[in-house]
Amino acid sequence: MAAPTPTPRKFLGLLSLPERNFVADALRTETVGGILLLAAAIAALLWANTPLAPSYQAVSDFHLGPAALGLDLSIQHWAADGLLAIFFFVAGIELKRELVAGDLRDPKAAALPVIAAVCGMAAPALTYVLVSSLGGGSLAGWAVPTATDIAFALGVLAVIGTSLPSAIRAFLLTLAVVDDLFAILIIAFFFTSSLNFAALGGALAGLLVFWLLLRKGVRGWYVYVPLALVIWGLMYNSGVHATIAGVAMGLMLRCTRREGEEHSPGERIEHLVRPVSAGFAVPMFALFSAGVSVSGDALHAVFTRPETLGVILGLVVGKTFGIFGGTWLAARFTKAELNEDLAWPDVLAVSSLAGIGFTVSLLIGELAFAGDPEMTDEIKAAVLLGSLTAALLACVLLKLRVRKYQALCAAEDLDEDQDGIPDVYEKGNPEYHLRMAEIHEKKAAEHRRMAEAASASRADGDSPA
């Protein structure tokens, strides 16, 4: 059995093998989803900026659903309030797992990424407030540039063909999880204008039933899916954003493994639902939210209005220096050592990648300027431009170190004895070294045989005819 990874682990150091496998599986799905997200955003922009634009608006505004239940919503609202509830359900499971089984369960290990994430949300918000205040603009959009879109970021990495070492990917994932938590709190506390206490009470009662069923070990999708839909509908009618229902249900799932379990219920359900979230729910939201005009006048407005300029600078400058500065300060005062294979420019590159704030930023933009369609579209355009700029900056910074990343990834994946466990995790295992000795002895014997054959061949060539 492989020896455990020594503790305390260095910042951006080698992950434990189970954590590495979990991160790889989670990000593999998110990467595919990120590519679909990119495709959906491009499709939305093309659809909204061609002669087909009227049909885009018509489809987005088309209403369906039972009006008697308060759910006669447009397609765009179904995507934002309905499909994104699936995204936040997965986010809730991720957060629960991180808190009970991941890096966030250990306060010392959690301190650095949490501080980095908090600074990475505070700095963009302050950047927006400063820019908008100086320009005499509205402060309503302060939360727009605070979010990180992990799927979009991974989609960018897939497109440019850059693989990051697992520790950097895990750091990025943890940042996104903490980001999602604070985004949930922002949506819950700052974008709830009025409450229907009867509907809210019904939603809370439904959540209690959901929790009790889980505690009793009741199984079957035919029980939980209808109940989840009822909870979602009540939450929507309560005045609290409906995605909060998804988060609450995700947090209720058990994410620790019991004896004899290969996977916890939370892990199993996340494995089933994540492809639906990353492959359908989020791309559909992007399709009906990213379709904004990119005419000359619209672009001019984006770069001249303080609100939109605040969003762009918040994503590109605030996010980058917030995360980098928070990480450096946390490492400085906690005496955490950076992995010797990496350098602070790598942290800067990841920080700039976190400036891609697509999905949740678009959602918060819609909520912040709900009564102003023109400003909403301009804020969306600012999110797109800011995310694109952050992506381009990250691409440049990551490409400068791509050979180093490739070497680190190759070393992490090397399994010379072919036992299914990367060699880097077996350095303390005597059986591994005995297997490697046998492998090298066989190679040495083969090379000796080849040397003898080459010598004999050369001797025959040198002999007279």
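Predicted model: local features only at pLDDT ≥ 70, side-chain atom pairs only at ≥ 80, totals over all residues.

Q: Is W221 buried or exposed?

A: W221 counts as exposed, because its relative accessibility is 65% and the cut-off for exposed is over 50%.

Q: Which residues make the nonpolar surface patch with W221?

A: Y222, V225 and L229 make that patch together with W221, and its area is about 510 Å².

Q: Switching to pockets. How much space lies in the second largest pocket?

A: About 1400 Å³. Its lining has 41 residues, and the ones nearest the centre are F89, F210, Y224, L253 and I269.

Q: Which helices supply at least two residues of that lining?

A: α3 (75–100), α7 (197–215), α8 (221–238), α9 (243–252) and α10 (265–289) each do. The largest share is from α8, with 10 residues.

Q: And what's the lining like by class?

A: There are 27 nonpolar residues, along with eight charged and six polar ones.

Q: New topic: why is α13 described as largely enclosed?

A: Helix α13 covers residues 344–353, and seven of its 10 residues are buried, so the rest of the structure largely encloses it.

Q: Which residues of α13 are buried?

A: They're D346, V347, A349, V350, S351, S352 and L353.

Note on methods:
Residues numbered from 1 in each chain as written. Heavy atoms only, no water. 1 Å grid on protein atoms, 1.4 Å probe; cavity = no way out; pocket = protein on both sides within 12 Å on 5 of 7 lines; lining within 4 Å. Points joined across faces, edges and corners; volume = space filled by probe spheres on them. Helix = DSSP H or I, 4+ residues; strand = E, 2+ residues; numbered from the N terminus. Nonpolar A, V, L, I, M, F, W, Y, C, P; charged D, E, K, R; others polar. Patch = residues over 30% accessible without salt bridge, like charges linked within 9 Å, V, L, I, M, F, W, Y side chains within 5 Å. Areas by Shrake-Rupley, 256 points an atom, 1.4 Å probe, with all protein chains shown as cover. Salt bridge = Lys/Arg side-chain N within 4 Å of Asp/Glu carboxyl O. Buried < 20%, exposed > 50% of the residue type's maximum accessible area, 1.4 Å probe, protein only.
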